[in-house]
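Student: Please take one part of this model and look at it closely with me. Then place that part in the rest of the chain.

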Amino acid sequence: MCYPHSNDNFMINKGHIIIVLIVMIFLSCNKSKKENDQELLFWSSNNRGEIEFTEHFVNQWNSNEITTVKFQPIPEGQSSEEVILASVVGKTTPDIYANMWQGSVEMYAKAGVLVPLDTLEGFTDFIKARCTEKVVEEITSSDGHIYQVPWKINPIMTIYNKRLVSDFGLSGLPLTYNSYLEAGEKIKADNDNDGYIDQYVGYTAVKVIWFERLMNFYPLYLAASNGGELIKDNKAAFNNEYAIGVFRFLQELYQKEYFSKERLSAGQDRFITEDIFTKWTGPWEIRHVDKFKQRDDFEFDFYPIVVPKDRDGPVYTYSDPKNIVVFNTCKNPQKAWDFIKTLIDKEGDKKLLEITTQLPNRKNLETDSTFQDYFDTHPKMRTFAKQANYVKGVDNCEIIVEVFDIISQEYEACVMYNKKTPEKAIEDAAKAVDNLLNN
């Protein structure tokens, strides 16, 4: 499984300073050194699929080039983001790093440690040919430069057990808040009458950690608001009916016991054991369920994130983007870009799909002939390719982690413990974010 709540999605904050210092010491003792100036150091994530993917292209490149690439997975640490920050502070950064969370880039760009890639020959034309205008706009920094290569996405959708409709007498998939709540009511009513609830319409993480909101609040907010912003013109833009509606929807799911407040991460996957019938997740779930399902006739599929009643048009969701950056310690950024291009041309993107089950961040993915054989044999992945036309990353804000942290605190007070109304919780979150942005 490529991501989600693995260490690759943690971000640094003030509370992690001690850990960062420890990691810096570790890196200073164990850092990889380039053998000569004709070598580029490339770090990938520790994901097995990405290691296999990278090794393929590194070997291919090194067999034909004088400037070689030395590859290693990112060194072990509390989290990849803390290792990257420590390497920046300790000036032990790799030349190229793949798997940078999009929300981190603005912070590093403003710190002046990344190469502005649009200054490299061929970069802008290549990216504009590969990506949509919306993606190019999304990755453009506040100073007008581009510091990240849009690489891969994992759109968040609703996985569902196909028994959901047939076993509980639903008229169809629960696509809206109302129908989803109705499904929750029917499943709860179907439980044994012994006072113990053993099945739920769905589940989502209950931890009050900022990145967990990327898997519940944020995709729901994007779906409701047609891809709306959290931050606009350096102000909070989420004190609106959409965010309030999301909080109210989630609050009701817990109040009525349609979702469990139990932390399930340490135990068996209850979607696979068929105790829950839906959850919000990404394409990595396909291999996971196929590998661990407990019966051969277990059937599942995906549909878009649920939306408010009367919401028309395509449904947006969070794209979970991971990108590639070049640090300014690189002595040959042009050659680094030449290597990166081999990873993200059509053949590279096809390999990414085949090896990692992750989607390249590329326009016309669903219809491009290069990928049709893959989607024909992986129909669930075609569902995600269709969704890829309607995705968004995070707003270009250097304190976006703190923004999500504030929202997460109000999420706990309102959604989990019913201590605030949705209106008050969202209002308080917006005020706190505005105060943060103005300081």
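Tutor: What follows is a close look at one helix, and then at the rest of the chain.

This is a predicted model, and residues are numbered from 1 along each chain as its sequence is written. Local features need pLDDT of at least 70, side-chain atom pairs count only at pLDDT 80 or more, totals for chains, interfaces and linings use all residues, and side-chain values use heavy atoms, with hydrogens and water left out.

Start with the whole. The protein chain has 17 helices and 13 strands. Helices (H or I, at least four residues) and strands (E, at least two) are DSSP runs, numbered from the N terminus. Of its 439 residues, 56% count as buried. Buried means under 20% relative accessible area, exposed means over 50%, and partly exposed lies in between (1.4 Å probe, protein chains only).

Our part is helix α10. It has 15 residues, which should span 21 Å at 1.5 Å a residue. The end C-alpha atoms of α10 are 20 Å apart, which agrees. The expected span is 1.5 Å times one less than the number of residues.

Now see which residues of α10 are hidden. The buried ones are Ala243, Ile244, Gly245, Val246, Phe247, Phe249, Leu250, Gln251, Leu253 and Tyr254. Their cover includes α8, α9, β8, α16 and α17.

Pick out Leu253, which lies in α10. Leu253 counts as buried because its relative accessibility is 0%. Skip its neighbours within four places in sequence, and Leu253 is in contact with Tyr180, Leu181, Val201, Tyr258 and Phe259. Contact means heavy atoms within 4.5 Å. Leu253 and Met416 are 163 residues apart along the chain, and their C-alpha atoms are separated by 9.6 Å.

Next, turn to α8, a helix that helps to cover α10. Helix α8 (residues 177–190) has 14 residues. From first C-alpha to last it reaches 20 Å, close to the 20 Å expected. Its buried residues are Tyr177, Tyr180, Leu181, Ala183, Gly184 and Ile187. They cover an arc of only 155 degrees around the axis, so they sit on the same side of α8. The arc is that of the directions from the helix axis to the C-beta atoms. These buried residues pack against α7 (163–167), α9 (217–225), α10 (241–255), β8 (278–281) and β9 (300–303).

Asp428 lies in α17 (residues 422–438). Asp428 counts as buried because its relative accessible area is 16%. Beyond its neighbours within four places in sequence, Asp428 is in contact with Glu410 and Lys420.

Now the core. In soluble globular proteins, nonpolar side chains tend to be buried together. A nonpolar core is a set of buried Ala, Val, Leu, Ile, Met, Phe, Trp, Tyr and Cys residues joined through side-chain atoms within 4.5 Å. The largest one here has 90 residues. Phe217, Tyr218, Phe238, Phe249 and Trp280 have the most contacts inside it. Helix α16 (residues 400–416) gives the most to this core, with 10 residues. A second, separate core has 34 residues, including Trp61, Leu120, Val326 and Trp337.

Finish with a sheet. This open sheet has six strands in the order β2-β1-β3-β11-β4-β12, with mixed pairing. Two strands pair if DSSP finds at least two bridges between them. β2 (68–73) and β12 stand at the edges, each with a single partner strand, so one side of each has no neighbour in the sheet. Helix α3 (residues 80–89) packs on the sheet and touches β1 (39–44) and β3 (96–101). The direction of α3 makes about 135 degrees with that of β3. Axes are lines fitted to C-alpha atoms, for helices over the stretch in contact, and angles run from 0 to 180 degrees between N-to-C directions.

Take β4 in that sheet. Five of the five residues of β4 (residues 149–153) are buried, so this strand is largely enclosed by the rest of the structure. Three bridges join β4 to β11 (residues 322–326), and the two run antiparallel. Pro150 stands opposite Asn323 in β11. Lys152 has Lys322 as its bridge partner in β11. β4 also pairs with β12 (residues 359–360) in the antiparallel sense, over two bridges. There, Ile153 is the bridge partner of Leu359.
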